[in-house]
Amino acid sequence: MVGSIDEPGLVVLVGVTHDDTPQQAEKLAAKLWGLRVLDGEKSCSDVGAPLLVISQFTLYGDTRKGRRPTWIAAAPGAVAEPLVDAVVTALRALGARVETGEFGADMKVSLINDGPVTLVLET
């Protein structure tokens with residue numbers, strides 16, 4: 001096991017595309033930390049809830065043509081990894097408790113989705 005949270009918080013799947021920047025990573029972190037989606041319309045910052053941040057290039061999968069997805073919109077690892085790290089660093093600078101997955105690994109992720117709520121945040 002690399003990272004886990006065992007109390008209510010957010011599981012954050014971060015996808016990076018070619019033109020994303022460190023400034024966008026900081027903006028995303030601030031948005032995640034203050035997003036009022038927890039019980040009672042609270043944010044992670046309101047209640048000190050943890051975040052599990054996982055790199056996820058497949059968020060940029062394109063299935064519009066054919067039967068095989070393409071991930072050409074996803075940034076290569078050398079570009080994406082520092083930006084995922086920047087999101088984690090920015091969250092921690094805000095005071096967040098952050099766990100992570102392992103960049104580029106074939107991870108098995110389990111979660112209990114209390115909602116169902118899944119949001120797409122773009123910067």
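Q: Which residue forms a salt bridge with aspartate 106?

A: Side chains of opposite charge can pair when their charged atoms come close. In this predicted model, aspartate 106 is paired with lysine 108, and their closest N and O atoms lie 3.5 Å apart. Aspartate 106 has a relative accessible area of 68% and is therefore exposed; lysine 108, at 72%, is exposed too.

Q: How many salt bridges does a search of the whole structure find?

A: The search finds three. One of them joins glutamate 7 to arginine 97, with 3.2 Å between the closest N and O atoms. This pair links distant parts of the chain, 90 residues apart: glutamate 7 lies in the segment before β1, and arginine 97 in the loop between α3 and β3. Another salt bridge connects arginine 64 with aspartate 62 at 2.7 Å, N to O.

Q: Is serine 43 buried or exposed?

A: Buried means under 20% relative accessible area. Serine 43 has 1%, so this residue is buried. Serine 43 sits in the loop between α1 and α2, and its side chain makes a polar contact with that of serine 45 at 2.8 Å. Leaving aside neighbours within four places in sequence, the contacts of serine 43 include Trp33 and Leu38.

Q: Which residues make the nonpolar surface patch?

A: Val11, Leu13, Leu59, Val109 and Leu111 form this patch of about 420 Å². Valine 11 belongs to strand β1 and, with a relative accessibility of 35%, counts as partly exposed.

Conventions
Residues are numbered from 1 along each chain as its sequence is written. This is a predicted model: local features need pLDDT of at least 70, side-chain atom pairs count only at pLDDT 80 or more; totals for chains, interfaces and linings use all residues. Side-chain values use heavy atoms; hydrogens and water are left out. Patches are made of residues with over 30% relative accessible area and no salt bridge: like charges are joined within 9 Å, nonpolar side chains (Val, Leu, Ile, Met, Phe, Trp, Tyr) within 5 Å. Accessible areas come from the Shrake-Rupley method with a 1.4 Å probe; for residues, only the protein chains shown count as cover. A salt bridge is a side-chain nitrogen of Lys or Arg within 4 Å of a carboxyl oxygen of Asp or Glu. Helices (H or I, at least four residues) and strands (E, at least two) are DSSP runs, numbered from the N terminus. Buried means under 20% relative accessible area, exposed over 50%, partly exposed in between (1.4 Å probe, protein chains only). A polar contact is a pair of N or O atoms within 3.5 Å; within protein, one must be able to donate a hydrogen and the other to accept it, and residues adjacent in sequence count only if both atoms are side-chain atoms. Contact means heavy atoms within 4.5 Å.
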